[in-house]
Amino acid sequence: MSQSAGEVAHPLTILSLARALGVVAALVVGLGVMPAVAQEGRDGPLVIDVTGANVEPLPTAIEAFDLEDQALAGTANDIIGVVSADLEGTALFRLIPQSAHVALPVSFDAVPPLEDWRPIGAEALVRGRIGQLDDGRLRVQYRVFDVFGGQQLVGQQLLAAPADWRRIAHKIADGIYSALTGEGPYFDSRVVFVDETGPKNDRQKRLALMDQDGANLRYLPADSDLVLTPRFSPNEQTILYISYDDGSPQVYLQSLDTGQRERLGFFDGMTFAPRFSPMGDRVVLSLSQGGNTDIYALTLANRQLTRLTNSPAIDTAPSFSPDGGRIVFESDRGGSQQLYVMEAGGRSAERISFGDGRYATPVWSPRGDLIAFTKILGGRFHIGVMAPDGSNEKLLTTSFLDEGPTWAPNGRVLMFFREGAGPGGRPQLMSVDVTGRNLKKVATPNGASDPTWSPLRR
Amino acid sequence: MKLQFVAVLALTALLAACSSNDEELASTTGAGIDSAATGSGVDGSGLPPVNSPEYFNTVIGDRVFFETDSSQITLAGQDVLAQQANWLGANPGVTATIEGHADERGTRDYNLALGARRANAVRSFLASQGIDASRLKTVSFGKERPVSTCSNDSCWSENRRGVTVLAGGGVS
């Protein structure tokens, strides 16, 4: 992506590649069906169950791309590298290196000899072709095959400016991942977070934006060295965040395109814990007045503020359900921090967390099926998930300080931050599957906290 | 913490000035303590005038401390705030911002709200002592500005604090 201040949204065009090889069909991304080849070795279709108890990574081969122009060899390899890293990063795929491939190359438009991929153990085969249009855009086509089922599972054509080659790669990885897992895509997305430098008692904080794999990192302008909790808008072009620019914590808006920023409103008190509604037309936030913190909704069009809770307790960390009908939040109205769900208009708050310990920072999955949270129990911090009615609570992580989960666009992976104890403790972004598997660090140049995962890019 | 350290020095000097006789002074200097430093302590020049911000910050104390997840003013805190109120009453032209802080054992949003509670508890106490509340602004820093960075209660108890920052006092 462009690193300039005036970043523009680059269009990235996707067409589906058709049932009949060599024909490009527009608009519908569907399953392409290959002429049947001998079925053997497996009865059902090729599917990775991401929720399964034990997932053996799927042996997958990405064949060297067909080059319409030899000058694109480097770009093709770069794209394959990013696709491979995305897939292997899930721990659901094992990439078979090209040095082990034995099948003779055939044209991208031809039916590949799938039987030649079986001896090296490949169960999924990815084939691609790269070229460049007269207008300078890259054209990358790819197909995913079920080696034993003899079927094309997905085929797409992507058009984008050469500078957007990483986005092409993420879209390919998304197509492969979705075809083989049945889950929604998430690799073509970004993360906004707080970069932290300096000692624990003199931290400098600034806003940072990067691709979900850590590439294309850039810092966002701010007017204070104390900024917190950046949150994406649904169209991922705007963020909400907290800044101490005016001396006290207040909610600000910033356009990622232009860097333009403004304070969201001038209310009597401190504002924090903002999140957009799913339509992007409203913001829920906490307003603290006279020491008491309640939740309000702000309509962006007219900046009208509506009070949603009215208790002497701390009511904060609101997050909308994906249909916009309900809000999950935390409150200590019952004596300690617990999770509650209320109607989006502020009525009928019901407690949903009943386990031991304190519950905080609830965030509703974009799929609607789970709520992720931070739990403080026995002097340890955990990231966990539960159903929206509070059932099926499951803790995924534990450490001295794990905090602030955020959902990948497909609701299958969580990112959060972990900070160590003592003067040397430094926050670190982490990710974990909703199953609790594949806990790993997300690389950033400095300390990093308060991540928010963007929606899928368009 | 620097200021607290200064306060301890100032009090030590004060005690020395009140209780020392010449023999003790002679014996301490005889023990090899730098005589110039001892001299400057004994003459009392380190004591700030009672109406100075330095006196407020170092002798009275600019901060009170809270129990875990609490915004109740402790008995010790009431004592400090009563003296702060006396000082503010004697210096009616001075305004202040009260900062509420939390330790690292809570989540970010909650700690901002908890800090707001603490700042407001200090403000309410000072107002109950006759200080015009319009002189007292509040701000919460949540867990963002710890003064002590170890991860046990000796540090956390110092970070759970309400700090009365005098306008132009320049301390926090």
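This is a predicted model: local features need pLDDT of at least 70, side-chain atom pairs count only at pLDDT 80 or more; totals for chains, interfaces and linings use all residues.
**Helix 6, chain B**

I checked the length of helix 6 of chain B (residues 108–128) first: at 1.5 Å a residue its 21 residues should span 30 Å, and the end C-alpha atoms are 30 Å apart, which agrees. The expected span here is 1.5 Å times one less than the number of residues. Helices (H or I, at least four residues) and strands (E, at least two) are DSSP runs, numbered from the N terminus.

Residues are numbered from 1 along each chain as its sequence is written, while chains are lettered from A and ligands numbered from 1 in the order in which they are written.

Next I looked up burial (buried means 20 or more other C-beta atoms within 10 Å of a residue's own, exposed 12 or fewer, partly exposed in between, with C-beta atoms placed from the backbone). In helix 6 of chain B, 18 of the 21 residues are buried, so the helix is largely enclosed by the rest of the structure. Just after helix 6, I found B:Gly130 with a positive phi of about 100°.

I counted contacts (C-beta atoms, placed from the backbone, within 7 Å). Chain B puts in 20 residues and chain A 31. Helix 6 of chain B gives the most to chain B's side, with 10 residues.

**Sheet 16-17-18-19, chain A**

I then traced an open sheet of 4 strands in chain A, ordered 16-17-18-19, with antiparallel pairing. Strand 16 (270–276) and strand 19 (304–307) are at the edges with a single partner strand each, so one side of each has no neighbour in the sheet. Strands pair if DSSP finds at least two bridges between them.

**Strand 29, chain A**

Strand 29 (residues 413–419) of chain A has 7 of its 7 residues buried. I checked both faces: A:Val413, A:Met415, A:Phe417 and A:Glu419 are buried on one side, A:Leu414, A:Phe416 and A:Arg418 on the other.

Strand 28 (residues 402–407) of chain A runs antiparallel to strand 29, with 4 bridges; there A:Asp402 has A:Arg418 as its bridge partner. In their hairpin, which has 5 residues between the strands, A:Gly411 takes a positive phi near 70°. Strand 30 (residues 427–433) of chain A also pairs with strand 29 in the antiparallel sense, over 7 bridges, and A:Phe417 stands opposite A:Leu429.

Note on methods:
Two residues are in contact if their C-beta atoms, placed from the backbone, lie within 7 Å.
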